[in-house]
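Student: Could you walk me through how to read a structural model, one feature at a time?

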Amino acid sequence: CSAQVFAPAVDLAWAPGCPPLGCPHRLAAVGDCLRLFGYFPGEETRPALSEMATLSTSTDSQSTLAVPLTSVSWSRADFGQTLATSSVQGQVVLWDAESQSVRSTVVAHDDAAAYCVEFACHDANLFATASADGSVRLFDTRDLTYSNVLFEQQHAHARAAMIALHWSPHEPYYIATLARDSSDLVLLDVRVPSLPVSVLSTSPAPSASSAENRINACAWSPATSQYIATASSAGVTNIWDLSSLPDNPNGPML
């Protein structure tokens, strides 16, 4: 099954948990706006995917210009009642999934795009952002007037954009984040701001340039906090053993 949209989606996220009997699985997509879809598995009929809502923060119903959204994340700790979106204007919007309305809006990064937003796995109130200004910030929904800088690139005149972050599904304090065109994966502990727990640097692949060696993606193991994987532009996937943290691993195990 499929659903047609008028603008490309740049991020997708399933709502956490199993829906009540008779209710669809919810899927959020962002691009030009936030779209909520319902997936009906169809045990007795054909599976169906239908658009349930199109949400925007624009107050001008006549405007055709929308602020591009960059990522979406569901709050896993409150059973998918809340989701967050980030935008190229540096804003993070918190949405109520049930009422399909805006709960609150915060300028997470002044004059810089927010490329990624993600809720903590074990706390419905915490979310983190990664931005073009080279920083990773921590927010608490109970007080959005304040944020904590977890990490910031050292060279102010040439800070590389932080393009992604991922909370550990097992360790509630750990975040993995990566910068654009970097061969380093930075591990953060939200209890110790500004000081990375570890920096995992990929070894150059044979005949690979520094550009080819950059890390493009990472993923925590769903089964254990001991392992995290990285994928580079050189076509190499590495698996890292983190059992020695806070001591740095001696290179990838694979």
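This is a predicted model: local features need pLDDT of at least 70, side-chain atom pairs count only at pLDDT 80 or more; totals for chains, interfaces and linings use all residues.

Student: How many strands form the open sheet, and in what order?

Tutor: Strands are DSSP runs of E with at least two residues, numbered from the N terminus, and two strands pair if DSSP finds at least two bridges between them. Here four strands form an open sheet in the order 13-14-15-16, with antiparallel pairing. Strand 13 (162-167) and strand 16 (198-201) are the edge strands, each pairing on one side only. From one strand to the next the twist averages 20°, where axes are lines fitted to C-alpha atoms and angles run from 0 to 180 degrees between N-to-C directions. Within this sheet, strand 15 (residues 184-189) and strand 16 are joined in the antiparallel sense over four bridges, and D184 stands opposite S201 in strand 16.

Student: Which residue takes a positive phi in the hairpin of strand 7 and strand 8?

Tutor: Strand 7 (residues 91-96) and strand 8 (residues 101-107) run antiparallel and are joined by six bridges, with D96 opposite S101 in strand 8. The hairpin has four residues between the strands, and Q100 takes a positive phi near 55° there.

Student: Where else does a positive phi occur, as in D181 and S194?

Tutor: Most residues other than glycine have a negative phi. D181, in the loop between strand 14 (174-179) and strand 15, has a phi near 60°, a positive value in a residue other than glycine. S194, in the loop between strand 15 and strand 16, has a positive phi of about 75° although it is not a glycine. On accessibility, buried means under 20% relative accessible area, exposed over 50% and partly exposed in between, with a 1.4 Å probe and protein chains only. D181 is therefore exposed, at a relative accessible area of 57%, and S194 is partly exposed, at 48%.

Student: What polar contact does the side chain of T70 make?

Tutor: A polar contact is a pair of N or O atoms within 3.5 Å; within protein, one must be able to donate a hydrogen and the other to accept it, and residues adjacent in sequence count only if both atoms are side-chain atoms. T70, in strand 5 (residues 69-74), counts as buried at 17% relative accessibility. Its side chain makes a polar contact with the side chain of S86 (2.6 Å), and the side chain of T70 also reaches the backbone oxygen of A114 at 2.5 Å.

Student: How many aromatic pairs does the structure hold?

Tutor: A pair of aromatic rings is described by the distance of the centres and the angle of the planes. Rings of Phe, Tyr and Trp (its six-membered ring) pair if their centres lie within 6.5 Å; planes under 30 degrees apart count as stacked, over 60 as edge-to-face and the rest as tilted. The structure holds three aromatic pairs. W14 and Y39 form one that is edge-to-face, at 6.2 Å centre to centre with 75° between the planes. W14 lies in strand 1 (residues 11-14) and Y39 in strand 3 (residues 34-40), so the pair ties together parts that are 25 residues apart in sequence. The ring centres of F119 and F127 are 5.8 Å apart and their planes are at 65°, so this pair is edge-to-face. Both F119 and F127 are buried, and F119, F127 and F139 form one aromatic cluster.

Student: How many disulfides does the structure hold?

Tutor: A disulfide is a pair of cysteine sulfur atoms within 2.5 Å, and the structure holds zero. C116 is in no disulfide, and the nearest cysteine sulfur, that of C218, is 9.5 Å away. C116 counts as buried at 10% relative accessibility, and C218 is buried with a relative accessible area of 9%.

Key. Residues are numbered from 1 along each chain as its sequence is written. Side-chain values use heavy atoms; hydrogens and water are left out.
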